[in-house]
Amino acid sequence: MSVDYYKTLELSREASADEIRKAYKKMARKYHPDLNPDDAVAQQKFNEVQEAYDVLNDSDKREQYDRYGSAFKGGQGPQPGYSYNWKEGSGGPGGFSDLDLGDLFGGQVDLGGMFGGGGSSPFGRQTGPRSRRQRAMKGQDHRLEIDIPFHVAAEGGEHRLELSRDGKPERLNIKIPAGVDNGSVIRLAGEGSPGSGGGENGDLLVTIRVAPHPYFKRDGNNILVEVPITVSEAVLGAKVDVPTLNDGNVLLTVPAGSSSGTKLRLREKGVPDRKTKVRGDQFVTLKIIAPQNLGSKADQLMRQFADYEKTNPRENLW
């Protein structure tokens, strides 16, 4: 669903950088988990406020968001050979290092008291045993899109991701299950931002884009391919080689008298179903190719054939 970051921070679209910063501090104080223990709604609001600030406080991200809306993140997924980067930290993607706790809650903050070292809480209460422990929070999930070959999507395989975390390059091989299609999402547990307070890492959600194939097309779990044949093969029938995804070329029988557009089925030569693992079928559409530049002998034979041909394929059509 579309997200309105200005609405999240209760701002107008013309808000200045200073207004964005002030609104963030106000909303973050209101929904901070330490002020709302065991409140799932407040936790969600806090995460939404952080995400909104991350975008609107960055001039480049804000420009992209103003132009494309929240969909701008999906449209900027890395292409092969590019790196996907996020900063490590509990503040979410891009981090919130420019706002420390003292800045957020106003004045000096005793970090030791807040996170287990004793002393006063920054929220105006004594830190007993319960309040000394930082609330465990799962790290933020991240999303990216990758392009994979048609054959890998159908048959499965591996794909290497080039990541950059805190400026350090990292390679990650992910397994592509057989049968994925455009829009399929693979979840890599623990590969998102680190959690805070002992919370688990977020996940990395990888959306699949399948590259087109030179001659195969996909219809669900079925594979479609168009095979050209000669006039004589169509009239007399023939056996022709047809490519398949996983079984090389197979011999297909073309029935005598076949027309262009005739569809023939190769059972279980399609894509495996992700749940049942049963393959779909491959449908072969015949396409008759008329010969060009006939020699005199062939031309004479075709004229003789025309004299013997008695049918009219357009009869009773209009």
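This note sets out numbered points on a predicted model of one protein chain.

1. Basis of the model. Residues are numbered from 1 along each chain as its sequence is written. The model is predicted, so that local features need pLDDT of at least 70 and side-chain atom pairs count only at pLDDT 80 or more, while totals for chains, interfaces and linings use all residues; side-chain values use heavy atoms, with hydrogens and water left out.

2. Confidence. The predictor's confidence in each residue is given as pLDDT, on a scale from 0 to 100. The protein chain averages a pLDDT of 80, and 79% of the residues score at least 70.

3. Overall composition. The protein chain contains 9 helices and 12 strands. Helices (H or I, at least four residues) and strands (E, at least two) are DSSP runs, numbered from the N terminus. Of its 318 residues, 36% count as buried; buried denotes under 20% relative accessible area, exposed over 50%, and partly exposed in between (1.4 Å probe, protein chains only). Among contacts between residues at least 6 apart in sequence, 58% join residues at least 24 apart. The chain exposes about 19300 Å², of which carbon and sulfur atoms supply 49%. Accessible areas come from the Shrake-Rupley method with a 1.4 Å probe, and for residues only the protein chains shown count as cover.

4. The sheet of 3 strands. This open sheet has the order E2-E6-E5, with mixed pairing; two strands pair if DSSP finds at least two bridges between them. Strand E2 (142-148) and strand E5 (185-188) stand at the edges with a single partner strand each, so one side of each is left without a neighbour in the sheet. From one strand to the next, the twist averages 25 degrees. Axes are lines fitted to C-alpha atoms, for helices over the stretch in contact, and angles run from 0 to 180 degrees between N-to-C directions. E2 pairs with strand E6 (residues 204-210) in the parallel sense over 7 bridges. Leu-205 in E6 is the bridge partner of Arg-143.

5. The sheet of 4 strands. A further open sheet has the order E7-E8-E12-E11, again with mixed pairing. Its edge strands are strand E7 (217-219) and strand E11 (263-266), each of which pairs on one side only. Direction ignored, neighbouring strands of this sheet are turned by 35 degrees against each other on average. E7 and strand E8 (residues 222-230) run antiparallel and are joined by 3 bridges. Arg-218 has Ile-223 in E8 as its bridge partner.

6. The hairpin of E9 and E10. Strand E9 (residues 238-243) and strand E10 (residues 249-254) pair in the antiparallel sense over 6 bridges. They form a hairpin with 5 residues between them, and Gly-248 in the turn has a positive phi of about 65 degrees. The covered face of E9 consists of Ala-238, Val-240 and Val-242, whereas Lys-239, Asp-241 and Pro-243 make up the uncovered one.

7. Which residue of E10 stands opposite Val-242? The residue is Val-250. Val-242 counts as buried because its relative accessibility is 0%. Beyond four places in sequence, the residues that Val-242 touches include Val-225, Val-227, Leu-252, Leu-266 and Val-284. Val-242 and Glu-226 are 16 residues apart in sequence and 9.4 Å apart in space, C-alpha to C-alpha.

8. Aromatic pairs. The structure holds 4 aromatic pairs. Rings of Phe, Tyr and Trp (its six-membered ring) pair if their centres lie within 6.5 Å; planes under 30 degrees apart count as stacked, over 60 as edge-to-face and the rest as tilted. Tyr-5 and Tyr-65 have ring centres 4.7 Å apart and planes at 40 degrees, so the pair is tilted. Tyr-5 lies in helix H1 (residues 5-8) and Tyr-65 in helix H4 (residues 59-68), so this pair ties together parts that are 60 residues apart in sequence. Tyr-6 and Tyr-65 form another tilted pair, with 6.0 Å centre to centre and 40 degrees between the planes.

9. The tyrosine cluster. Tyr-5, Tyr-6 and Tyr-65 form one aromatic cluster. Both Tyr-5 and Tyr-65 are buried, Tyr-65 with a relative accessible area of 4%. Tyr-6 counts as buried at 1% relative accessibility.

How values were computed:
Contact means heavy atoms within 4.5 Å.
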